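Colleague: I have a model open and would like to go through it with you. Could we start with the contacts between the chains?
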Number of protein chains: 2
Amino acid sequence: MSGSLAIAGLGPGAESLITPEVSAALAAATVVLGYGPYVARIAPRPGLRLIPSDNREELERARHALELAAGGERVVVVSSGDPGVFAMAAAIFEAVEAAPEFADLDISVLPGITAMLAAAAALGAPLGHDFCAINLSDNLKPWDLIEKRLRLAAEADFAMAFYNPRSRARPEGFARVLEILREACGPERLISFARAVTTPDQHLLTVTLAEARPAMADMRTVVLLGNSATRRVGRWLLTPRSA
Amino acid sequence: MSGSLAIAGLGPGAESLITPEVSAALAAATVVLGYGPYVARIAPRPGLRLIPSDNREELERARHALELAAGGERVVVVSSGDPGVFAMAAAIFEAVEAAPEFADLDISVLPGITAMLAAAAALGAPLGHDFCAINLSDNLKPWDLIEKRLRLAAEADFAMAFYNPRSRARPEGFARVLEILREACGPERLISFARAVTTPDQHLLTVTLAEARPAMADMRTVVLLGNSATRRVGRWLLTPRSA
């Protein structure tokens with residue numbers, strides 16, 4: 001009996017943003033694993049085992065998923081957004097690297113709509129030109145590297161998307177991020193806080209860096225920063241193609 | 001009669017990657033506009049007008065779409081991938097800025113799976129940590145700005161995605177990009193050429209920068225560059241979460 005492992009992106013929240021490819025994988029699955037709130041988005045049905053776990057347990061979850069697939073299960077590991085953007089795809093391949101006996105399994109990555117693209121769509125076109133995506137969580141990397149990337153990204157005049165702005169482990173970190181950005185980009189630069197995009201709780205707020213406060217972001221917020229040419233067009237944001 | 005304008009992303013190619021939200025908008029549309037090859041992906045039906053145009057005519061297309069929506073049509077402007085990533089969303093809001101009488105129209109942006117995320121999924125997890133997306137076309141921006149961003153992105157040790165690597169207007173540009181990257185990232189850095197991802201023509205190639213050649217990219221290719229920690233895991237690419 002040969003199993004399989006799909007690492008699937010559920011998109012930012014709305015059902016209508018789940019790709020048919022992911023829906024088909026979920027319909028064929030025998031086991032679904034993931035962070036509790038993401039697994040809670042999957043409708044229970046006979047023949048499907050749901051295995052939620054904590055979000056600090058990515059590597060253990062990855063290993064468990066590989067073992068189940070090796071045992072013949074049709075396993076789907078779910079991430080919110082896209083599994084390749086600060087989510088489970090990297091964790092799975094780290095686990096494969098540590099246990100090469102799993103390297104020949106039938107593994108696939110099924111892309112999804114990542115939060116920054118859903119937030120950008122809701123706001124207009126704030127990522128309309130060159131941009132970068134930075135994970136502000138320092139669980140797995142040194143804080144100095146985050147600061148260095150922020151300064152270089154500002155110098156390159158990238159639009160920026162920030163994931164995980166408020167980490168439990170370092171609540172003061174995001175205040176420091178805003179300070180660095182104010183220094184590097186000036187007080188007038190536009191910044192958007194997009195909370196729970198595409199869900200009933202969606203809340204969008206665009207302010208200048210001078211007005212931005214750490215409390216405007218929580219753990220469900222993705223933060224977008226414009227580049228030097230980003231401006232308002234009516235109720236929309238525009239980063240022009242020529243910037 | 002009040003019309004509407006949706007700027008919709010068709011994803012990278014596969015039908016199974018078109019979101020239900022976009023499918024619903026297309027099913028309700030009275031007019032679809034876009035670059036010829038993208039409009040060709042829409043099935044004709046009674047009551048639907050298809051208006052293909054050349055890819056150098058984004059602003060005229062945007063203006064035309066706004067006029068049709070103002071006239072009461074249910075308009076969908078299609079982009080491949082995601083409309084907010086080097087595609088039509090910015091062009092539409094540039095057109096709104098130039099003609100503010102359209103600012104109160106019912107406009108929405110419907111996100112899609114952008115090429116870099118589909119390519120990353122096919123390759124494993126090459127964008128598993130902080131990354132940037134750079135449009136290499138110099139149609140709308142000076143070449144010096146592209147070079148500056150490449151050097152700063154390399155210094156920041158971002159993984160990188162490059163759109164439009166081979167422009168007709170400047171075929172030698174991509175050779176220069178590879179030179180700059182070799183100089184900034186060293187000859188051993190991994191680079192992937194993902195052509196026509198998720199279509200029957202899909203072709204994936206991963207080499208080192210020393211081995212990379214401009215001809216490995218064409219106009220249907222998105223190019224992904226690893227960061228300094230990116231490595232092969234069996235047939236996959238991994239950019240670890242701690243990098």
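Colleague: How many salt bridges are there across the interface of chain B and chain A?
Modeller: The rule finds 10 across that interface, a salt bridge being a side-chain nitrogen of Lys or Arg within 4 Å of a carboxyl oxygen of Asp or Glu. One pair is Arg231(B) with Glu97(A), whose closest N and O atoms are 2.6 Å apart.
Colleague: What should I know about the model itself?
Modeller: This is a predicted model, in which local features need pLDDT of at least 70 and side-chain atom pairs count only at pLDDT 80 or more, while totals for chains, interfaces and linings use all residues. Residues are numbered from 1 along each chain as its sequence is written, chains are lettered from A and ligands numbered from 1 in the order in which they are written, and side-chain values use heavy atoms, with hydrogens and water left out.
Colleague: How many residue pairs are in polar contact between chain B and chain A?
Modeller: The count is 26 residue pairs, both residues at pLDDT 80 or more. A polar contact is a pair of N or O atoms within 3.5 Å; within protein, one must be able to donate a hydrogen and the other to accept it, and residues adjacent in sequence count only if both atoms are side-chain atoms.
Colleague: Which element gives the largest share of the side of chain B that touches chain A?
Modeller: Helix α4 (residues 88-98) of chain B does, with 7 residues. Helices (H or I, at least four residues) and strands (E, at least two) are DSSP runs, numbered from the N terminus.
Colleague: And how much area do chain B and chain A bury between them?
Modeller: About 5,600 Å², 62% of it on carbon and sulfur atoms; buried area is the accessible area (1.4 Å probe) that two parts lose on being put together, summed over both. Phe93(B), Arg149(B) and Arg241(B) supply 14% of the area that chain B buries against chain A, more than any other three residues.
Colleague: How is chain B superposed on chain A?
Modeller: By a rotation of 180 degrees with 0.0 Å of shift along its axis, at an RMSD of 0.0 Å. The two copies are therefore related as by a two-fold rotation axis.
Colleague: Which residue of chain B comes closest to the rotation axis?
Modeller: Cys132(B), with its C-alpha at 1.9 Å. Cys132(B) in β7(B) is also the bridge partner of Cys132(A). The β7 strands (residues 131-135) of chain A and chain B pair in the antiparallel sense over 3 bridges; pairing requires that DSSP find at least two bridges between two strands.
Colleague: Changing topic, what is the strand order in the open sheet of chain B?
Modeller: The order is β6-β13-β12, 3 strands with mixed pairing. β6 (124-125) and β12 (231-233) stand at the edges with a single partner strand each, so one side of each is left without a neighbour in the sheet. β12(B) pairs with β13 (residues 236-238) in the antiparallel sense over 3 bridges, and Val233(B) stands opposite Trp236(B).
Colleague: Lastly, where are Glu67(A) and Arg63(A)?
Modeller: Both lie in helix α3 (residues 58-70) of chain A, 4 residues apart, about one turn of the helix. Glu67(A) and Arg63(A) form a salt bridge, with the closest N and O atoms 2.9 Å apart.

Terms used. Copies are superposed by least squares on the C-alpha atoms of residues with pLDDT of at least 70 in both.
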